Amino acid sequence: MNRRVSVLGFGLAVAALPALAVQVEPLAWTPGPNSAQPSLTATREGSFALTWQQMRGTDAELHVARFDAARAAEPTAQTTVARGDDWFVNWADFPSLAVLDNGDWVTFTLRKSAGSTYAYDIHLQRSLDGGATWQPPVKVNDDGQPVQHGFVSLLPDGGDRVLMVWLDGRQDTAHGAHGGPAGGHGADHHGHDEGPMTLRSAVVGRDGVAREGAKLDADTCSCCQTDLVRRGGEAIAVYRDHAEGIRDIALLRRSSDGQWSAPTTVHDDAWRMPGCPVNGPAAAVNRDALAVLWPTMATGPLEVKLAISPRAGAAFAAPAVLEAGESVLGRVDVAPWRDGGFLASWVGGDGRGAVLRVAELDAGGRVIARRDVVALPPGRQLGHPRLAATGGDVAMVAWTEPTVQGPRVRAAWLRAQD
């Protein structure tokens, strides 16, 4: 069977799926014009923390709002974390938030370190009272080079510790200086050369000191999102690699004693392209199963792929394609769902524009059903929609809606139907 027939056959199969057994409840609430780059985190108490950035003239602000999982139409609390006129604000590289094991909330901003567009540092901020007040920022990277430090993922690491991984443009003296990817992640990367980008990690406690710094990969894709999850006693990082020019999804494991493994490939797509696609992977754990979701164009039109590792130490099963087509944008996320399964989100297409879609998956990754959340115009303004779930039957999804007054953050509840 040729590739064109195979993709068409899959499209027909998806169309035949039943409606998702989830009710979509859009919120009328929005932070208003010039809000964008949302991110979501589910707390242990069953609430959700939504962060976003908002422009006020030349100043940027980072906000956080807390939503209860009950049928809340508006946040129960809302706080401004920080503001500044020296931030790096970008549709693809944006803050997220982690709720630590001791209850601390940790987030970050990206702040310019030099005049070059892609010279910026990671500044971590912590709240000791569930997001009500925030401590002063602490810069994490200490290399002093005016290069990119971004695409950060955060993960609780016991007590007051947060584990971080990020893409880092610092260079060893043998490689010379590197001012960020050619073209930058606000530009079209196709056909542009790139300097080497590294993946690095550190652990930060309440004292604000970055410890256990490590270079995990010396050559990664320069501007694709990363992700971090916990399975049992180990942390798992996923990211887009750049080994020998192949931009497939790699995975690293960190043991309970802090030792990182060598990277392995989730699946051998063998995607070779000249520039960064600005389209990273997402991961989630439910019980013992690990799900990894990612976009690829290894064999033609963009595909959204999902692979499951059923238990610690087990290999990934052959990936399933959730959608493929010329108008599919990817920009994926995945979260734990009821009965050991998963909820996946991505930006698909319907031939007329972009569509934010969600799919309910069983524990083995089989698609039970899917549903369209909202139709959106294609382009960078819609950003990267984000998804979070409690692991039960309630989830929240957030996205950026382009309007004539400027972009604005929107959100919706996703609730399982009996």
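Q: Which residue stands opposite alanine 250 in β17?
A: Threonine 265 in β17 stands opposite alanine 250. This is a predicted model: local features need pLDDT of at least 70, side-chain atom pairs count only at pLDDT 80 or more, and totals for chains, interfaces and linings use all residues. Numbering starts at 1 along each chain as its sequence is written, and side-chain values use heavy atoms, with hydrogens and water left out.

Q: How many bridges join β16 to β17?
A: Strands are DSSP runs of E, at least two residues, numbered from the N terminus. Two strands pair if DSSP finds at least two bridges between them. Here two bridges join β16 to β17 (residues 264–265). The two strands run antiparallel.

Q: How many of the six residues of β16 are buried?
A: Buried means under 20% relative accessible area (1.4 Å probe, protein chains only); exposed is over 50%, partly exposed in between. In β16 (residues 249–254), five of six residues are buried. The strand is mostly covered.

Q: What is the order of the open sheet that includes β18?
A: This sheet also has four strands, β18-β19-β20-β21, paired antiparallel. β18 and β21 (320–325) stand at the edges with a single partner strand each, so one side of each has no neighbour in the sheet. Between them, seven bridges join β19 (residues 289–296) to β20 (residues 302–309). Alanine 291 stands opposite isoleucine 308 in β20.

Q: Now the rings. How many aromatic pairs are there?
A: Rings of Phe, Tyr and Trp (its six-membered ring) pair if their centres lie within 6.5 Å; planes under 30 degrees apart are stacked, over 60 edge-to-face, the rest tilted. The count comes to five aromatic pairs.

Q: Why is the pair of phenylalanine 48 and tryptophan 413 called as it is?
A: The ring centres are 5.5 Å apart and the planes stand at 75°, so the pair is edge-to-face. The pair links distant parts of the chain: phenylalanine 48 is in β3 (residues 48–56), tryptophan 413 in β28 (residues 408–416), 365 residues apart. Both residues are buried.

Q: What are the values for phenylalanine 88 and tyrosine 118?
A: Their pair is edge-to-face, 5.8 Å centre to centre, with 65° between the planes. Phenylalanine 88 is in the loop between β5 (77–84) and β6, tyrosine 118 in the loop between β7 (105–112) and β8 (120–127). Both are buried. Elsewhere, ring pairs link Trp29, Trp52 and Phe67 into a cluster.

Q: Last, the largest pocket. How many residues line it?
A: A pocket is an open set of points on a 1 Å grid over the protein atoms alone where a 1.4 Å probe fits, with protein on both sides within 12 Å along at least five of seven lines; lining residues have an atom within 4 Å of a point. The lining has 39 residues. Thr41, Leu154, Leu155, Leu228 and Val229 lie nearest the centre. β10 (149–156) gives the largest share, six residues. Strands that each supply at least two lining residues include β14 (227–231) and β18 (282–286).
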